[in-house]
Amino acid sequence: MNSLLAPATRLWLRLRLNEIGPLLSLSACGFFAWAFISLADEVREGETHAIDSQLLLALRDPQNPANPLGPSWIEEAARDITGLGGYAILTFLTLATLAYLLMIGKRGAALLVLFAIVGGMLISTGLKIGFERPRPDLVPHAARVYTASFPSGHAMLSAITYLTLGALLARVEKSKRVSAFIMTLAIVVTLLVGVSRVYLGVHWPSDVLAGWTVGAAWAALCWFVALQLQRRGQVEKPGELAPTSDAKPE
């Protein structure tokens, strides 16, 4: 028994699972990954179709399903919000963040952000190809779509991008109140993007939920890796600058 426990204990300590940060990030990754797998299994078996249809139609005018509920300005606002999860906006935001991190000497953090975002895009593309779920056909689409439906790329990539960048900014900020505000804002933007996809009729609700879960799982895994690399000195800690070419020798 001791021969089995000793290696497990060493691995536990090596991964710093006795500390709250690594333990929470790895636990979150496992939970959201399990949630996605369970949801994907139900989608494959068609068990979500009934509730997907009910929720999608609940956001439409019963007299004319082509019209989303509410005045026309809400539909226009939904298009603006859904753009926050589009490839163009997320790519611009990622490049701006990379430029900022490189300018202040945080090369390790920049590489980690690049890995998280690009890796998320590849995972999203692979899952869409693997599942090939058709887009909703109950209502007309109020936005253009080009790929398969499951999981929602907007929901997934917004979760990865905003949660990763939000966590990065929150760790730099010394005030706990400001850090909480940053993370809350990242979560709210992620949720709004997902809801807008259903409101515009371009995704089933289960598509969006799947995007959120797999995106959160990937973001949590990347953050777990970041904590491990920080301990080894391969990623800068909050407030720590890497040596830059502009530094003058004393």
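This report goes through the fold, the salt bridges and a charged surface patch of a predicted model.

## Ground rules

Local features need pLDDT of at least 70 and side-chain atom pairs 80 or more, while totals for chains, interfaces and linings use all residues. Numbering starts from 1 along each chain as its sequence is written, and side-chain values use heavy atoms, with hydrogens and water left out.

## Overall fold

The protein chain has 9 helices and 2 strands (DSSP runs: H or I of at least four residues for helices, E of at least two for strands, numbered from the N terminus). Starting at the N terminus, the order is α-α-α-β-β-α-α-α-α-α-α. Of its 250 residues, 44% are buried (under 20% relative accessible area; exposed is over 50%, partly exposed in between, with a 1.4 Å probe and protein chains only).

## Salt bridges

There are 4 salt bridges, counted when a side-chain nitrogen of Lys or Arg sits within 4 Å of a carboxyl oxygen of Asp or Glu. R133 pairs with D52, with the closest N and O atoms 3.1 Å apart. That pair spans 81 residues, from the loop between helix 6 and helix 7 to D52 in helix 3.

R133 also bridges to D207, this time at 2.6 Å between the closest N and O atoms. D207 belongs to helix 9, so this pair ties together parts 74 residues apart in sequence. Shared partners join D52, R133 and D207 into one network. R133 and D52 are both buried, and D207 is buried as well.

Within helix 4, E75 and R79 are 4 residues apart, about one turn, and their side chains form a salt bridge at 2.7 Å, N to O. E75 counts as buried because its relative accessibility is 18%, whereas R79, at 32%, is partly exposed.
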